[in-house]
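Please read these notes with the structure open beside you. They go from accessibility to the sheet and then to the aromatic rings.

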Amino acid sequence: MTNNEIIKLRSKPTGNGNRSLYLDLYYKGDRRYEFLHLYLVPERTKSDRLKNEDTLQLANAIKFQRTADFFNDLYVHSFVMILRSLPK
(Lines give C-alpha, C1' and ligand atoms only; values in the text may rest on other atoms or scores of the structure.)
Protein backbone atom coordinates (compact mmCIF):
# COMPACT_ATOMS: atom_id res chain seq x y z
CA MET A 1 0.00 0.00 0.00
CA THR A 2 1.39 3.36 -0.97
CA ASN A 3 0.97 6.59 0.94
CA ASN A 4 -0.75 8.37 -1.94
CA GLU A 5 -3.78 6.08 -2.18
CA ILE A 6 -7.09 7.90 -2.12
CA ILE A 7 -8.90 4.95 -0.52
CA LYS A 8 -7.13 2.97 2.19
CA LEU A 9 -8.24 -0.16 3.98
CA ARG A 10 -7.80 0.35 7.71
CA SER A 11 -8.73 -1.46 10.90
CA LYS A 12 -9.48 -0.50 14.46
CA PRO A 13 -9.82 -2.62 17.58
CA THR A 14 -13.25 -3.50 18.93
CA GLY A 15 -14.13 -4.09 22.55
CA ASN A 16 -14.16 -7.87 22.22
CA GLY A 17 -10.65 -8.28 20.78
CA ASN A 18 -11.61 -8.36 17.10
CA ARG A 19 -10.58 -5.73 14.57
CA SER A 20 -13.17 -3.82 12.54
CA LEU A 21 -12.30 -3.10 8.90
CA TYR A 22 -13.19 0.20 7.25
CA LEU A 23 -12.31 2.27 4.19
CA ASP A 24 -10.71 5.68 4.66
CA LEU A 25 -11.30 7.97 1.67
CA TYR A 26 -9.27 11.19 1.59
CA TYR A 27 -9.44 13.50 -1.43
CA LYS A 28 -8.62 17.20 -1.66
CA GLY A 29 -8.88 17.78 2.09
CA ASP A 30 -12.17 15.90 2.48
CA ARG A 31 -12.20 12.69 4.54
CA ARG A 32 -14.93 10.05 4.60
CA TYR A 33 -15.17 6.66 6.27
CA GLU A 34 -17.10 3.58 5.22
CA PHE A 35 -17.34 0.88 7.85
CA LEU A 36 -17.57 -2.50 6.13
CA HIS A 37 -19.06 -4.52 9.02
CA LEU A 38 -16.26 -7.03 8.46
CA TYR A 39 -14.13 -8.20 11.36
CA LEU A 40 -10.79 -9.90 11.84
CA VAL A 41 -10.65 -12.32 14.76
CA PRO A 42 -7.56 -13.09 16.86
CA GLU A 43 -5.70 -15.90 15.09
CA ARG A 44 -5.65 -18.73 17.58
CA THR A 45 -6.27 -21.57 15.14
CA LYS A 46 -5.74 -22.34 11.48
CA SER A 47 -9.45 -21.81 10.80
CA ASP A 48 -9.20 -18.32 12.34
CA ARG A 49 -6.32 -17.52 9.98
CA LEU A 50 -8.25 -18.82 6.98
CA LYS A 51 -11.34 -16.84 7.98
CA ASN A 52 -9.24 -13.67 8.29
CA GLU A 53 -7.69 -14.28 4.86
CA ASP A 54 -11.17 -14.61 3.33
CA THR A 55 -12.36 -11.49 5.15
CA LEU A 56 -9.36 -9.47 3.96
CA GLN A 57 -9.87 -10.72 0.41
CA LEU A 58 -13.49 -9.53 0.51
CA ALA A 59 -12.49 -6.19 2.05
CA ASN A 60 -9.86 -5.63 -0.66
CA ALA A 61 -12.42 -6.49 -3.36
CA ILE A 62 -14.78 -3.87 -1.90
CA LYS A 63 -11.90 -1.36 -1.77
CA PHE A 64 -11.05 -2.07 -5.42
CA GLN A 65 -14.69 -1.57 -6.45
CA ARG A 66 -15.00 1.70 -4.48
CA THR A 67 -11.74 2.96 -6.03
CA ALA A 68 -12.97 2.14 -9.54
CA ASP A 69 -16.31 3.81 -8.81
CA PHE A 70 -14.55 6.89 -7.44
CA PHE A 71 -12.32 7.37 -10.47
CA ASN A 72 -15.16 6.60 -12.88
CA ASP A 73 -17.34 9.24 -11.20
CA LEU A 74 -14.43 11.69 -11.16
CA TYR A 75 -13.82 11.10 -14.88
CA VAL A 76 -17.50 11.46 -15.79
CA HIS A 77 -17.83 14.61 -13.69
CA SER A 78 -14.72 16.15 -15.31
CA PHE A 79 -15.98 15.21 -18.78
CA VAL A 80 -19.39 16.80 -18.11
CA MET A 81 -17.72 19.98 -16.83
CA ILE A 82 -15.60 20.18 -20.00
CA LEU A 83 -18.67 19.70 -22.19
CA ARG A 84 -20.52 22.44 -20.32
CA SER A 85 -17.63 24.87 -20.81
CA LEU A 86 -17.58 24.42 -24.60
CA PRO A 87 -19.36 27.04 -26.70
CA LYS A 88 -22.76 25.97 -28.02
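1. A residue is buried under 20% relative accessible area, exposed over 50%, and partly exposed in between. F71 has 40% relative accessibility, so F71 counts as partly exposed. F70, at 17%, counts as buried. Keep in mind that the model is predicted.

2. The sheet is open and has 3 strands in the order 1-2-3, with antiparallel pairing. Its edge strands are strand 1 (7–13) and strand 3, each of which pairs on one side only. On average, neighbouring strands of this sheet are turned by 30 degrees against each other, direction ignored.

3. Strand 2 (residues 19–27) pairs with strand 3 (residues 30–40) over 9 bridges, in the antiparallel sense. The two strands form a hairpin with 2 residues between them. In the turn, K28 has a positive phi of about 50 degrees. Within this pairing, S20 has Y39 in strand 3 as its bridge partner, and L23 stands opposite E34.

4. The whole structure holds 4 aromatic pairs. One of them joins Y22 and Y33 edge-to-face, at 5.8 Å centre to centre and 70 degrees between the planes. Because Y22 lies in strand 2 and Y33 in strand 3, this pair ties together parts that are 11 residues apart in sequence. Y22 counts as buried at 12% relative accessibility, whereas Y33 counts as partly exposed at 48%.

5. The ring centres of F70 and F71 are 5.3 Å apart and the planes stand at 85 degrees, so this pair is edge-to-face.

6. Which residues do ring pairs link into a cluster? They are Y22, Y33 and F35.

Methods
Residues numbered from 1 in each chain as written. Predicted model: local features only at pLDDT ≥ 70, side-chain atom pairs only at ≥ 80, totals over all residues. Heavy atoms only, no water. Pairing = 2+ DSSP bridges. Helix = DSSP H or I, 4+ residues; strand = E, 2+ residues; numbered from the N terminus. Axes fitted to C-alpha atoms, helices over the stretch in contact; angles between N-to-C directions. Phe/Tyr/Trp six-rings, centres within 6.5 Å; stacked < 30°, edge-to-face > 60°. Buried < 20%, exposed > 50% of the residue type's maximum accessible area, 1.4 Å probe, protein only.
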